[in-house]
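Work through the exercises below with the model open beside you. Try each task before you read its solution.

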Amino acid sequence: MRTSAIRAELIKLRRAPIWVAFVALPLIAAAIGTFNYESNIEILQLGWLDLWTQHTLFLSMFFLPALVGASCSWLMRLEHSGGNWNLLVASPVGVMRLILAKLLVGWLMLGVGLVAVGALFVGFGKLAGMSGMPDAQYAVWLLFAWVGGIACVAWQLFFSLVIRSFAAPVGIAVAGGLAGFFMYARGIWFACPYSLMTRALNSNGIEALTSGDAVVLVVVAVLYTAVAVGSSVFLLSKSDVRGA
């Protein structure tokens, strides 16, 4: 029973068209970033780090939030059809477990997207003529982006629960990504759940995540996630889901 909700979510993802976005969006971000890098090669002299900032600048502002938004909209999309929410809420699984299952699966999907980002970074770097391989710090940054990204997933699931539209929550995610990048640039990245991935990725290349920052990132990610999950559970428990 504990894993049945997770298995059900994973089954829904088999051969789902949403996986096209997990190829297309990281690929577009990598192509744009590599083009920018090649176009400014005379002033970008830091090798892999400069390529990384070019890859993750637009990725963290637009493409990664959009990917999270689309995946969460997909996870909620089927439940908005017909009377699925009524059936789920009436099932013995429980509302909390339903939301946590979607959160876990959405978080795993984000992990797949970040693995694609890392693979494309290495692949495009070699195509651009980079020597050697990037060091392990980039894998650490991706790992912490995944950790911080759970807050973004939790809030996007909440918005996709409230809003039946597929596209509108994706628009919210992109707006959140822009707002998150602005707050990151202002040095208050911890004040917005959409800033956490940007901070972890070190998208401006100015300051890598410190150990103190990592602790703050984990703590605020847990807090943002708890609030979002609690809000989703409360809404689903108290609302007439037929009209949700």
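**Exercise 1. At what angle do α3 and helix α7 pack, and how far apart are their axes?**

Solution. This is a predicted model.

Step 1. Take the geometry. Helix α7 covers residues 167-185, and α3 packs against α7 at an angle of about 150°, with 8 Å between the axes.

Step 2. Classify the angle. Angles over 145 degrees count as roughly antiparallel, so α3 is roughly antiparallel to α7.

Step 3. α3 and α7 cross in a right-handed way.

Step 4. List the contact. On the α3 side, the residues include Leu-57, Met-61, Phe-62 and Pro-65. On the α7 side, they include Pro-169, Val-170, Gly-177 and Phe-181.

Step 5. Sort the residues by type. The contact of α3 with α7 has 12 nonpolar residues, four polar and no charged.

**Exercise 2. Find the angle between α3 and α6, and say how the two helices run.**

Solution. 

Step 1. The packing angle of α3 and α6 is about 30°, and their axes are 9 Å apart.

Step 2. Angles under 35 degrees count as roughly parallel. α3 and α6 are therefore roughly parallel to each other.

Step 3. The crossing of α3 past α6 is right-handed.

Step 4. From α3, the contact takes in Trp-48, Leu-49 and Trp-52, among others. From α6, Tyr-138, Trp-141 and Leu-142 are among the residues.

Step 5. The contact of α3 with α6 is made of 14 nonpolar residues, four polar and no charged.

**Exercise 3. How many residues of the contact of α5 with α6 are nonpolar, polar and charged?**

Solution. 

Step 1. Start with the geometry. α5 and α6 pack at about 145°, with their axes 9 Å apart.

Step 2. α5 crosses α6 in a right-handed manner.

Step 3. Find the residues. Lys-102, Leu-103, Trp-107 and Phe-121 are among those from α5. Tyr-138, Trp-146, Ile-150 and Leu-157 are among those from α6.

Step 4. Count by type. There are 16 nonpolar residues, four polar and one charged in the contact of α5 with α6.

**Exercise 4. Is the ring pair of Trp-52 and Tyr-138 stacked, tilted or edge-to-face?**

Solution. 

Step 1. Know what to read off. A pair of aromatic rings is described by the distance of the centres and the angle of the planes.

Step 2. The whole structure holds 14 aromatic pairs.

Step 3. Classify this one. The ring centres of Trp-52 and Tyr-138 are 5.2 Å apart and the planes stand at 50°, so the pair is tilted.

Step 4. Trp-52 belongs to helix α3 (residues 48-77) and Tyr-138 to helix α6 (residues 137-162), so the pair ties together parts 86 residues apart in sequence. Both Trp-52 and Tyr-138 are buried.

Step 5. Compare another pair. The rings of Trp-107 and Trp-146 have centres 4.0 Å apart and planes at 10°, so that pair is stacked. Trp-107 sits in helix α5 (residues 95-127) and Trp-146 in helix α6, 39 residues apart.

Step 6. Check exposure. Buried means under 20% relative accessible area. Trp-107, at 18%, counts as buried. Trp-146, at 23%, is partly exposed.

Step 7. Widen the view. Trp-48, Trp-52, Phe-121, Tyr-138 and Trp-141 are linked by ring pairs into a cluster.

**Exercise 5. Where is Asn-202 found, and what is its phi?**

Solution. 

Step 1. Asn-202 is in the loop between α8 (196-201) and α9 (211-238).

Step 2. Most residues other than glycine have a negative phi. Asn-202 is not a glycine, yet its phi is positive, about 55°.

Step 3. Asn-202 has 2% relative accessibility and counts as buried.

How values were computed:
Residues numbered from 1 in each chain as written. Predicted model: local features only at pLDDT ≥ 70, side-chain atom pairs only at ≥ 80, totals over all residues. Heavy atoms only, no water. Phe/Tyr/Trp six-rings, centres within 6.5 Å; stacked < 30°, edge-to-face > 60°. Helix = DSSP H or I, 4+ residues; strand = E, 2+ residues; numbered from the N terminus. Buried < 20%, exposed > 50% of the residue type's maximum accessible area, 1.4 Å probe, protein only. Axes fitted to C-alpha atoms, helices over the stretch in contact; angles between N-to-C directions. Parallel < 35°, antiparallel > 145°, perpendicular 65-115°, else oblique. Left-handed = near helix turned anticlockwise from the far one by under 90°. Contact = heavy atoms within 4.5 Å. Nonpolar A, V, L, I, M, F, W, Y, C, P; charged D, E, K, R; others polar.
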